[in-house]
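Here is a short tour of one protein model, written to be read with the structure open beside it.

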Amino acid sequence: EGMPVGTVFLGLCVDGEATSTMVRLPGDRARVRQFATISVLDWLRRRLLEGSGAPGRGLDRGRRDLGG
């Protein structure tokens with residue numbers, strides 16, 4: 001309660017380093033779930049690439065507005 005529709009908290013823990021972020025996603029409940037899943041998997045992919053020395057950028061910490 002008290003959060004705008006589409007507000008999602010994502011969390012990631014890689015090599016013992018836990019990180020979280022809040023994002024605002026557009027759409028109905030099903031679309032928000034889909035965007036959240038895609039977003040966190042992409043964030044994980046980028047974080048793993050970062051650790052391997054391959055080019056890639058992690059999702060910035062903090063709030064993101066990804067549409068709407």
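The report below goes through a helix, a nonpolar core and a set of salt bridges in this predicted model.

Let's begin with helix H1, which covers residues 29-52 and so counts 24 residues. From first C-alpha to last, H1 reaches 35 Å, close to the 34 Å expected at 1.5 Å a residue. After H1 comes Gly53, and its phi is positive, near 90 degrees.

Which residues of H1 are buried? They are Val32, Ala36, Ser39, Trp43 and Arg47. The partners these buried residues pack against are strand E1 (7-14) and strand E2 (17-24).

The largest nonpolar core has 9 residues in all: Val8, Leu10, Leu12, Val14, Val23, Leu25, Val32, Ala36 and Trp43. Two or more of its residues come from each of E1 and H1, and E1 gives the largest share, 4 residues.

The Thr7 side chain reaches the backbone oxygen of Pro4 at 2.7 Å. Leaving aside neighbours within four places in sequence, Thr7 is in contact with Met22, Val23 and Arg24.

Now for the charged side chains.

| Pair | N to O distance |
|---|---|
| Arg47 and Glu17 | 3.4 Å |
| Asp42 and Arg45 | 2.7 Å |
| Asp42 and Arg46 | 2.8 Å |

The pair Arg47 and Glu17 joins helix H1 to strand E2, so it ties together parts that are 30 residues apart in sequence. Arg47 is buried, with a relative accessible area of 18%, whereas Glu17 is partly exposed at 36%.

The other pairs sit within H1. Asp42 and Arg45 are 3 residues apart in the helix, which means a separation of about one helical turn. Asp42 and Arg46 are 4 residues apart, and about one helical turn separates them too. Asp42, Arg45 and Arg46 are linked in a network of salt bridges. Each member is partly exposed: Asp42 has a relative accessible area of 27%, Arg45 one of 42% and Arg46 one of 26%.

How values were computed: Residues are numbered from 1 along each chain as its sequence is written. This is a predicted model: local features need pLDDT of at least 70, side-chain atom pairs count only at pLDDT 80 or more; totals for chains, interfaces and linings use all residues. Side-chain values use heavy atoms; hydrogens and water are left out. The expected span of a helix is 1.5 Å times one less than its number of residues. Buried means under 20% relative accessible area, exposed over 50%, partly exposed in between (1.4 Å probe, protein chains only). Contact means heavy atoms within 4.5 Å. A nonpolar core is a set of buried Ala, Val, Leu, Ile, Met, Phe, Trp, Tyr and Cys residues joined through side-chain atoms within 4.5 Å. A polar contact is a pair of N or O atoms within 3.5 Å; within protein, one must be able to donate a hydrogen and the other to accept it, and residues adjacent in sequence count only if both atoms are side-chain atoms. A salt bridge is a side-chain nitrogen of Lys or Arg within 4 Å of a carboxyl oxygen of Asp or Glu.
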